[in-house]
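Reader: I'd like to learn how to read the way parts of a protein sit against each other. Could you walk me through it?

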Amino acid sequence: MLQTRTAKLRIFPDADQAGLLRETMSAYTSACNYVADLICSEKVKADKYRVHDAGYRQIRFRFSLPSQMAQSVIRTVFASLKSLESNMRSHPEKFRKKNGKRKKIVPKFRYPQLDLVRGRDYSLLWNKEHTERVFSLNTLKGRIKVPFRSDAMDWAFADGAKMGTAKVVFRKGKFYLHIPVTVEVPDPPESSEITSVVGIDRGIRFLTVSYDGEKTSFVSGAEVKQKRAHYKKIRQSLQKKQTSSARRRIRAIGRRENRWMNDVNHCLSKTLVRDNPKGTLFVLEDLTGIRSATERVRVKDRYVQVSWPYYDLEQKLTYKAQMNGSIVIKVDPQYTSQACPVCGHREKNNRDHEKHVFRCRECGYITNDDRIGAMNLQKMGTEYLQKMKVS
Ligand SMILES: [Zn+2]
């Protein structure tokens with residue numbers, strides 16, 4: 001199965017190259033707006049070939065764009081027009097004037113942008129010393145070679161990965177390439193190929209609790225909680241200083257904290273996939289709508305709970321599971337911590353938060369309350385699988 005994901009890579013042009021890139025982006029954006037006006041002034045019908053005939057020479061000479069880029073401009077404008085039209089079909093009310101008449105659709109390109117076609121406008125090369133790879137990018141004045149950082153994007157450079165048209169993005173003084181990359185991933189397992197169901201509960205006391213029907217595994221959250229409190233303290237003391245060097249240090253600490261969280265999630269997801277067989281159905285709570293997640297914890301813990309990147313963990317787990325022939329599903333989190341995993345009886349009083357004990361008021365089942373969520377998720381996954389097998 002083919003899957004396309006976007007790789008976001010920071011690139012590091014030197015001062016001259018940065019100037020050239022910004023100039024090229026600005027010319028490209030002006031050319032996009034020019035073509036958009038050409039179409040919408042109805043001098044030219046919204047037809048790629050006619051626009052090409054009427055505008056191509058203009059785009060090339062007026063904005064000094066190389067011929068390939070001039071063609072990309074036309075494609076960019078039509079892609080934007082198409083997405084506006086589909087937006088209008090799903091939300092027609094947004095495209096009406098006060099008198100009820102339909103607004104004219106005109107794509108507007110406000111932010112500097114630049115699309116580079118793989119092979120023609122950009123490519124991946126080795127540097128002169130042959131020690132690292134660089135991107136070669138086309139600009140108004142020929143090609144430039146810029147180093148980049150791939151961080152957690154190694155998958156984009158794997159054998160068989162195909163890079164598509166790159167977008168050059170400029171945000172807060174930094175340049176990035178956003179590149180859609182198509183990779184081959186294994187097909188998701190059929191229900192008959194699933195051999196194991198694992199419920200994964202995410203929280204604070206334990207970053208994850210997983211239950212596979214027999215054994216429970218806990219990953220303590222204590223160290224993470226401590227480290228986050230430590231980062232928070234440094235940040236707060238720096239914020240009081242209000243000097244530019246303090247602000248720089250705050251940013252540096254933020255980056256370090258992000259890298260560390262990224263590592264933790266990487267290891268967590270790797271371990272979960274490695275410790276369970278191929279063909280595992282992982283069951284997570286659907287945490288969309290963060291409110292319900294914050295309500296589950298004491299206010300004192302709120303900073304840690306809300307800002308731990310669970311969504312990132314979920315994405316990493318989903319990708320790694322997929323590469324290993326397993327699958328991740330998400331279920332409604334309601335009552336997963338209150339219901340009895342044995343008889344299904346649901347009652348708030350089943351749980352004693354002080355003693356960390358779960359005791360079912362109906363059937364008397366007793367266990368450590370930290371594993372209840374994972375047990376219920378595992379149970380929901382098993383039921384889901386049975387339904388899939390019947391249908
Ligand atoms: Zn019970």
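Author: The C-alpha centres of domain 1 and domain 2 lie 41 Å apart. The bounds, domain 1 (1-185) and domain 2 (191-223 + 258-390), come from an automatic or database domain assignment. This is a predicted model, where local features need pLDDT of at least 70 and side-chain atom pairs count only at pLDDT 80 or more, while totals for chains, interfaces and linings use all residues. Residues are numbered from 1 along each chain as its sequence is written, and side-chain values use heavy atoms, with hydrogens and water left out.

Reader: How many residues of domain 1 and domain 2 are in contact?

Author: Contact means heavy atoms within 4.5 Å. Here, 7 residues of domain 1 touch 4 residues of domain 2 in that sense.

Reader: And what area is buried between domain 1 and domain 2?

Author: The size of an interface is often given as the accessible area lost when the parts come together. With a 1.4 Å probe, and summed over both parts, that comes to about 420 Å² for domain 1 and domain 2, with carbon and sulfur atoms giving 55%. Q3, R5 and V185 supply 58% of the area that domain 1 buries against domain 2, more than any other three residues.

Reader: How many salt bridges does the rule find across the interface of domain 1 and domain 2?

Author: The rule wants a side-chain nitrogen of Lys or Arg within 4 Å of a carboxyl oxygen of Asp or Glu. Across this interface it finds 0 salt bridges.

Methods: Buried area = accessible area lost by both parts, 1.4 Å probe.
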